[in-house]
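Have the sequence and the 3D view open as you read.

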Amino acid sequence: MAETLRDEFWQGARKALPAILSASPFGALFGALAVDNGLSITDAMLMSLTVFAGASQMVGIELFGQKVQPWLIVLSVFAVNFRLVLYSASIARHIQHFSRLQKAFGLFLLTDPHYAETERRADERGRVRFAWFIGYGIALYVPWQVATALGAVFAGLIGNPAAIGLDVLLPIYFLSLLMGFRKRRNWLPVVAVSSVVSILALKVVGSPWHVSIGALVGMVLSACLPLPVEGDEAPAADAQGRREAN
Amino acid sequence: MGGFDLGYAPVVLMAALATYLTRIGGYLLVRRFQRLPPRLMAALDAVPAAVLSTLVAPALITGGRDAAIAIVVAFLAGFRLAPVPMLLVGWAVVMGLRHLGL
């Protein structure tokens with residue numbers, strides 16, 4: 001209770017350091033690939049400033065590059081970010097004491113590591129203060145913008161992306177995110193089925209429908225597989241969220 | 001190419017709105033419903049793996065043989081390595097193959 005708001009803010013900001021270090025290369029990668037896929041530097045910055053969710057930004061620019069219909073781009077971004085629904089549901093109990101405006105602003109900054117650290121902070125202190133919450137969020141938000149700008153500007157100096165291997169970075173980046181979820185129940189069957197179905201759908205139906213079709217079949221599979229034992233549901237969901245964000 | 005056009009801005013802003021809805025959505029839902037049906041939870045739980053798989057797998061057939069090899073190697077390395085080293089392994093493999101002209 002002795003801590004001032006300023007202390008809380010900087011404690012939150014310092015906690016964000018590992019996330020800043022691991023996210024920044026991807027911020028720069030996003031900026032470079034966005035420009036490479038035909039977005040202007042302004043569009044790339046606008047996306048980082050307003051969306052602020054790395055994986056979905058990558059998906060977005062991939063689809064921009066394929067000249068996909070706008071509604072499908074929005075839907076895909078929504079689909080990739082759907083996990084944030086689960087995060088904000090899960091931390092609801094820790095941020096109930098924020099004012100309405102504080103919730104509206106604080107949740108705008110919510111990301112995977114932010115979620116995980118918020119759960120940890122609640123375990124340690126019993127409560128999460130707004131100053132700490134936005135300290136973490138802002139500390140991650142600002143470097144993400146700087147990294148995007150540097151990547152976008154630098155991309156203009158890069159000629160053929162395939163010559164320096166940039167083209168393969170995006171699928172492997174998604175692969176690395178995918179591997180982060182491998183402790184989840186049904187991970188391997190879902191990955192196998194969604195992968196095969198998306199390749200088949202790409203051949204039969206074409207892009208970008210293969211994304212929705214492959215994802216939907218994987219979700220249906222997961223819903224049909226045996227459910228976890230009744231009773232350990234809540235702690236399991238909690239531990240899961242924490243693992244992913246690491 | 002590129003330039004100063006703002007043609008993407010409306011879609012970007014719609015995507016930003018959709019993302020914001022996911023950030024506040026869980027909070028708003030949990031205030032309303034006590035719990036979601038278990039089968040729905042299982043389907044939602046599979047969303048990241050399902051969506052990300054569809055973004056990786058097609059590159060195996062569309063990205064060329066060198067990219068496909070790099071993706072398979074990175075996948076196997078991913079069981080041991082953190083994201084950034086894994087990315088470096090995949091990148092090194094594809095650059096090596098291209099350098100050798102394979």
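Of the 102 residues in chain B, 45% count as buried, where buried means under 20% relative accessible area, exposed over 50%, and partly exposed in between (1.4 Å probe, protein chains only). Keep in mind that this is a predicted model: local features need pLDDT of at least 70, side-chain atom pairs count only at pLDDT 80 or more, and totals for chains, interfaces and linings use all residues. Residues are numbered from 1 along each chain as its sequence is written, chains are lettered from A and ligands numbered from 1 in the order in which they are written, and side-chain values use heavy atoms, with hydrogens and water left out.

Chain B exposes about 5600 Å², and 73% of that comes from carbon and sulfur atoms (Shrake-Rupley method, 1.4 Å probe; for residues, only the protein chains shown count as cover).

As for the fold, chain B has six helices and zero strands, taking helices (H or I, at least four residues) and strands (E, at least two) as DSSP runs numbered from the N terminus. Along the sequence that reads α-α-α-α-α-α.

An unreviewed UniProt entry puts "transmembrane region" at residues 6-30, 42-61 and 67-94 of chain B; such annotations may be inferred rather than shown by experiment, feature names are shortened, and positions follow the numbering used here. Two of these stretches look like this:

Now zoom in on B:A9, which sits in helix 1 (residues 9-32) of chain B. Is B:A9 buried or exposed? B:A9 counts as buried because its relative accessibility is 12%. B:A9 also touches A:D43 and A:L46, leaving aside residues up to four places away in sequence; contact here means heavy atoms within 4.5 Å.
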